[in-house]
Amino acid sequence: MKFGKEFRMYLEETLPEWRDKYLCYNLLKKLLKIIPAGDDPAPIVSLQTLQDWFVRILIDELKKFNDFYVDTEEDIIIRFQALKERIDLVKERDGEDGVFTSETEFSEEMMEIRKEFVAIHGEMVLLKTYCSLNLAGLIKILKKYDKRTGRLLCLPFIQLALRQPFYAFEPLTRLVIECEANIELLFPLEAEVIESAAVQQDKTGADPANDISNISQETAPSLEEEAVGISRSINAALRAIEGLRKPSSTNNHLSFSSLYGSLDNDGTSVVTVGNSPCEPSDTLDNEEGANEDVANSPK
């Protein structure tokens with residue numbers, strides 16, 4: 001399946017409030033068709049004007065990625081920290097020696113905290129796939145541009161993209177790992193649930209199994225409804241990335257399968273300046289200089 005179709009299908013499944021934050025792939029593809037190829041007659045608008053327009057849109061897209069990534073990451077960090085503080089507060093208020101009691105473990109508040117941890121973990125993973133898919137879209141459209149115009153814009157622009165905040169997500173990777181560690185601690189094993197129920201029965205003489213079962217049954221639908229949108233988005237993104245990882249028919253170091261063919265040590269398939277085939281370049285801090293450098297790429 002072609003990337004444009006996969007990308008469009010993914011956007012249909014992702015969170016609605018995120019859709020306009022992704023690469024405007026279809027717009028760039030339509031603009032590319034206006035730019036004459038090879039020996040085609042000159043258009044009414046000069047070729048240089050069309051090419052400058054194309055580059056201008058790409059620069060604006062990088063700004064959009066950066067703004068959305070930085071804002072979303074900041075929001076995730078604030079909410080994640082607040083969740084950790086809530087856990088500490090519950091332990092201090094209701095726990096014994098910093099450990100959850102049986103009553104606290106299965107309290108409504110703890111169920112709510114677990115639900116929020118699952119949701120925020122999903123958003124972290126989704127934000128990482130957001131970065132990867134946007135880079136994939138940039139590579140695809142730039143390769144089409146180079147092929148149509150005979151210019152070499154792809155390499156310098158990907159160099160620029162790899163230096164942007166939206167693709168420097170090592171801190172986000174660490175947050176994902178920390179969040180997963182918290183989730184592992186927060187969700188009791190089945191054996192712990194059974195033991196907790198037995199202890200509670202010894203204390204009260206009542207069988208709490210029904211209460212625990214009721215809590216689980218009441219919480220599960222709520223948790224599923226809360227996370228279903230994020231889960232669908234992540235699955236759609238992972239399907240798109242797996243499709244892009246398929247080996248290319250040509251040996252091209254800028255193909256997505258070449259960039260993402262091997263996993264990093266943390267298993268996140270992150271392309272960095274260090275492991276990419278590109279040399280370091282500037283960020284968008286000096287916008288005019290970056291725009292000029294990219295626009296004046298070798299023909």
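Reader: Among contacts in the protein chain between residues at least 6 apart in sequence, what percentage join residues at least 24 apart?

Author: A contact means heavy atoms within 4.5 Å. In the protein chain, 76% of the contacts between residues at least 6 apart in sequence join residues at least 24 apart. This is a predicted model, in which local features need pLDDT of at least 70, side-chain atom pairs count only at pLDDT 80 or more, and totals for chains, interfaces and linings use all residues. Residues are numbered from 1 along each chain as its sequence is written, and side-chain values use heavy atoms, with hydrogens and water left out.

Reader: How many helices and strands does the protein chain have?

Author: Both are DSSP runs numbered from the N terminus: helices are H or I with at least four residues, strands are E with at least two. This protein chain has eleven helices and zero strands.

Reader: What percentage of the residues is buried?

Author: Buried means under 20% relative accessible area, exposed over 50%, and partly exposed in between (1.4 Å probe, protein chains only). Of the 299 residues in the protein chain, 43% are buried.

Reader: At what angle do the axes of H2 and H3 cross?

Author: Axes are lines fitted to C-alpha atoms, for helices over the stretch in contact, and angles run from 0 to 180 degrees between N-to-C directions. The axes of H2 and H3 cross at roughly 170° and come within 10 Å. Angles under 35 degrees count as roughly parallel, over 145 as roughly antiparallel, 65 to 115 as roughly perpendicular and the rest as oblique. H2 and H3 are therefore roughly antiparallel.

Reader: Which residues meet there?

Author: Leu 28, Leu 31, Leu 32 and Ile 34 of H2 meet Leu 50, Trp 53, Phe 54, Ile 57 and Leu 58 of H3. For classes, Ala, Val, Leu, Ile, Met, Phe, Trp, Tyr, Cys and Pro count as nonpolar, Asp, Glu, Lys and Arg as charged, and the others, Gly among them, as polar. The contact of H2 with H3 has nine nonpolar, no polar and no charged residues.

Reader: How do H2 and H5 cross?

Author: The axes of H2 (residues 25-34) and H5 (residues 108-149) cross at roughly 0° and come within 11 Å. That makes H2 roughly parallel to H5. The H2 side of the contact includes Tyr 25 and Lys 29, and the H5 side includes Gly 137 and Arg 148. By class, this contact of H2 with H5 has five nonpolar, one polar and five charged residues.
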